[in-house]
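Below are my comments on the model you sent. Please read them with the coordinates open.

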Amino acid sequence: MSIKEWYTSQTPREQFIVAATAIVGIGALLYTLAYKPLSTGIASRQVSVAAKQRDLDWMKQQGPVTTAGGQAIQPMDKAPYLLLDEAIKRARISTPERVTPDGSQGARAQFSKVEFNKLLQVLGGLEQTYGLSVKTINLSRKDAGEVSARLSLEASL
């Protein structure tokens, strides 16, 4: 006997009870397998997005501090090529052959021979203090600890 034959052999009252039970069962299955996981997932995603938005807002506020190693980046009161030239003189490294502007927010320099470690200290100081980062750099080894360098800096902020 098939289900259809069994169902039609029942009284109308029993058919109604079976149909109502089937509808309630299907509704419970849909709620359990579709609606509840979907609504729970949406709610947890909304909480996650809100937390990530708070984190992003905080990171944006802390951006200048983190990019400068804990110090706020100072505004550039001079052209980048002048800041580079002053930093080179303060570090007492060999004078570059050329220091030129590279647009309004950049500088270029060329050294035939310079101490590598001191050059890195100068470049790191410029990045931490003014946000001037190395855009391009070409190095060639000369003697022990010395290189020839061509570099380009640009303001990152």
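The numbered points go from the overall fold to individual side chains.

1. Basis. The model is predicted, so local features need pLDDT of at least 70 and side-chain atom pairs count only at pLDDT 80 or more, while totals for chains, interfaces and linings use all residues. Residues are numbered from 1 along each chain as its sequence is written, and side-chain values use heavy atoms, with hydrogens and water left out.

2. Secondary structure. The protein chain has four helices and four strands. Helices (H or I, at least four residues) and strands (E, at least two) are DSSP runs, numbered from the N terminus. Read from the N terminus, the order of elements is α-α-α-β-β-α-β-β.

3. Overall dimensions. The radius of gyration of the protein chain is 35 Å, whereas a compact globule of 157 residues would have one near 15 Å. This radius is taken over C-alpha atoms, and the globule rule is 2.2 Å times the number of residues to the power 0.38. Along the principal axes, the C-alpha atoms fill a box of roughly 105 × 30 × 25 Å.

4. Surface and contacts. The accessible surface of the protein chain is about 11,300 Å², and carbon and sulfur atoms hold 58% of it. Accessible areas come from the Shrake-Rupley method with a 1.4 Å probe; for residues, only the protein chains shown count as cover. Of the 157 residues, 20% count as buried (buried is under 20% relative accessible area, exposed over 50%, partly exposed in between, with a 1.4 Å probe and protein chains only). Among contacts with a separation of 6 or more, 51% are between residues 24 or more positions apart; contact means heavy atoms within 4.5 Å.

5. Met1, Ile3 and Trp6 make a nonpolar surface patch of about 420 Å². Patches are made of residues with over 30% relative accessible area and no salt bridge, with like charges joined within 9 Å and nonpolar side chains (Val, Leu, Ile, Met, Phe, Trp, Tyr) within 5 Å. Trp6 sits in helix H1 (residues 3-8) and is partly exposed, with a relative accessible area of 38%.

6. Asp85 and Lys89 form one of them, at 3.3 Å from N to O. These two residues are four apart in helix H3, so about one helical turn separates them. Asp85 is partly exposed at 23% relative accessible area, whereas Lys89 is exposed at 60%.

7. Where is Asp102 found? Asp102 is in the loop between strand S1 (98-101) and strand S2 (106-115). Asp102 forms a salt bridge with Lys135, with the closest N and O atoms 3.9 Å apart. That pair links distant parts of the chain, since Lys135 is in strand S3 (residues 132-141), 33 residues from Asp102. Lys135 is partly exposed at 47% relative accessibility. The side chain of Asp102 also makes a polar contact with the side chain of Arg108 at 3.4 Å. A polar contact is a pair of N or O atoms within 3.5 Å; within protein, one must be able to donate a hydrogen and the other to accept it, and residues adjacent in sequence count only if both atoms are side-chain atoms. Asp102, Arg108 and Lys135 are linked in a network of salt bridges. Leaving aside neighbours within four places in sequence, Asp102 is in contact with Ala107, Arg108, Lys135 and Ser152.

8. Lys113 and Asp143. The side chains of Lys113 and Asp143 meet in a salt bridge at 2.8 Å, N to O. This pair also links distant parts of the chain, with Lys113 in strand S2 and Asp143 in the loop between S3 and strand S4 (146-155), 30 residues apart. Lys113 is partly exposed at 39% relative accessibility, and Asp143 is partly exposed at 39%.

9. Ser133. Ser133 lies in strand S3 and is buried, with a relative accessible area of 16%. Not counting residues up to four places away in sequence, Ser133 touches Glu127, Ser152, Leu153, Glu154 and Ser156.

10. Backbone at Arg92. Most residues other than glycine have a negative phi. Arg92 is not a glycine, yet has a positive phi of about 55°. Arg92 lies in the loop between helix H3 (80-91) and S1, and counts as exposed at 73% relative accessibility.

How values were computed:
A salt bridge is a side-chain nitrogen of Lys or Arg within 4 Å of a carboxyl oxygen of Asp or Glu.
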